[in-house]
Amino acid sequence: MELGAIKEEKTKSGSIQRVVTVLGRTMAKFPVSPRYAKMLTLGHQRGCLPYVVALVAVLSVKELFVESSPSASDGVSEEQAHNRLYRLRKLWAGQGDARLLGDLMVLLRAVGACEYSGNPEKFCLENGIRHKAMTEVRKLRLQLTNAVNSVIEDASVCVDPKMTPPSVGQARLLRQIVLTGCADHVARRIPVVDMNEKKSKELQGSYECLLTEDTVFIHPTSVLSQTKPEFVVFQELFETRKLYMRNICAVESEWLPGLASHFCSFSKPLDQPSPTYDNDTGTVKCHMTSTFGKRCWNLAAQPLNFPEGLDKYKWFARFLLEGKVLPKLLKFAPVLLSRPSTMIKTWAKLHKRTETLLLALVEKKVDSYSRLRLAFKENRQYLLSQYLDWVAEEYRDEVLLLWPPI
């Protein structure tokens, strides 16, 4: 359920049953773990799918990199070889905001550079990569490419030997896609104020996550080990002297309520900023604060979809009367018999016109523009009588002529 592959529905008898969603049916067609299947399903955006395929392939193969290059035995110390490989990975990580993709950017660049080299075995030997692992990555990449093309319409993905690194915008979107599949692997840097003086040095740069009560750390070989973002997503934990996170990327706290909502507990809609109508999505938005996971990390208020319930219909009715949902009704808004804001007042029931409009919306479950269009498609006279109750007599003929105002 956390991945959105399954949802609960109430049956006619009142019992709760779990059903597979459209997303879940698509995910089931990919031969990888559910979290990676979700990433593949959502990856067909802004040309990101080839990168998601490559990422899923490389993350499905353990330990792509070796500790140091064999060049350590050719008159070069192991420490020098290790430092050279670390500098190379920092170079592969890129610059600026693209660098926030972190170790995942390094993996993508390693896969792309190996493919481009034309001599994978030599490339792996020189760059501290396990050739056998890279061979497995390529096989899986081919398999996933075929699967994606058969499942996703118009995907047209190929294994490009000259795959360029993702742009800054694509890198940002890739971080969001990774978050949707790995929301249970989010870790937050422990604020210094949460540490006592004795432990502050020992726990400096430490993180807490949902999978364990123990503190976790970014491994020194990670390209994000110096910057230590506030929130990261990791792929796995491993223990040496400390408990470390492997293959991490940075994520933004404001993404969590929207992309990892199953792990969030939300407040009621805030009065300020007041709810708004989003023209792009045709839905009612509101600001809500939230906490994340069992550790209840506090998250700042974010604009989110208004929660289901009667209040959502009331706000939609208000925006409908104001002409924000249907621009053709905008010219009537100043001359309505009651202010549209009446819809959200506690005493709205005292006006018959507010109740009849609200009941008409609830009956057809119309709380968004898309659902309103469907209602008009079924019945071109939908909401006409209810809207006429709000309009002065001298404007009613004009309303009749333009209905439905879609």
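**Pockets, a buried glutamine and a hairpin**

Student: Which residues lie nearest the centre of the second largest pocket?

Tutor: The model is a predicted one. In it, 25 residues line the second largest pocket. Those that lie nearest the centre of this pocket are Leu 310, Asp 311, Lys 314, Trp 315 and Ile 344.

Student: Which elements give two or more residues to the lining of the second largest pocket?

Tutor: The space in this second largest pocket is about 460 Å³. By class, its lining holds 13 nonpolar, three polar and nine charged residues. The elements that supply two or more of the lining residues are helix H10 (310-321) and helix H11 (352-363).

Student: Which residues are the closest to the centre of the largest pocket?

Tutor: The largest pocket has a volume of about 690 Å³. Its lining is made up of 29 residues. Closest to the centre are Phe 65, Arg 89, Thr 221, Arg 246 and Asn 247.

Student: Which element gives the largest share of the lining of the largest pocket?

Tutor: Two or more lining residues come from each of helix H3 (49-59), helix H4 (78-92), helix H5 (103-117), strand E7 (236-239) and strand E8 (243-246). The largest share amounts to four residues, and the element that gives it is H4.

Student: Does Gln 170 count as buried or exposed?

Tutor: Gln 170 belongs to helix H8, which covers residues 168-181. Its relative accessibility is 15%. The cut-off for a buried residue is under 20%. Because 15% falls under that cut-off, Gln 170 counts as buried.

Student: How far apart in space are Gln 170 and Tyr 51, C-alpha to C-alpha?

Tutor: Leaving aside residues up to four places away in sequence, Gln 170 touches Arg 46, Gly 47, Cys 48 and Tyr 51. Gln 170 and Tyr 51 are 119 residues apart in sequence. In space, their C-alpha to C-alpha separation is 9.1 Å.

Student: In which sense do strand E12 and strand E13 pair?

Tutor: Strand E12 covers residues 283-292, and strand E13 covers residues 297-305. One of the bridges joins His 287 to its partner in E13, Pro 303. Over seven bridges, the sense of the pairing is antiparallel.

Student: What is the phi of Gly 293 in the turn between E12 and E13?

Tutor: E12 and E13 form a hairpin, with four residues between the two strands. Gly 293 lies in the turn, and its phi is positive, at about 65°.

Technical notes:
Residues are numbered from 1 along each chain as its sequence is written. This is a predicted model: local features need pLDDT of at least 70, side-chain atom pairs count only at pLDDT 80 or more; totals for chains, interfaces and linings use all residues. Side-chain values use heavy atoms; hydrogens and water are left out. On a 1 Å grid over the protein atoms alone, a cavity is a set of points where a 1.4 Å probe fits but cannot get out, and a pocket is an open set with protein on both sides within 12 Å along at least five of seven lines; lining residues have an atom within 4 Å of a point. Grid points are joined across faces, edges and corners, and a volume is the space filled by probe spheres set on the points. Ala, Val, Leu, Ile, Met, Phe, Trp, Tyr, Cys and Pro count as nonpolar, Asp, Glu, Lys and Arg as charged, and the others, Gly among them, as polar. Buried means under 20% relative accessible area, exposed over 50%, partly exposed in between (1.4 Å probe, protein chains only). Contact means heavy atoms within 4.5 Å. Two strands pair if DSSP finds at least two bridges between them.
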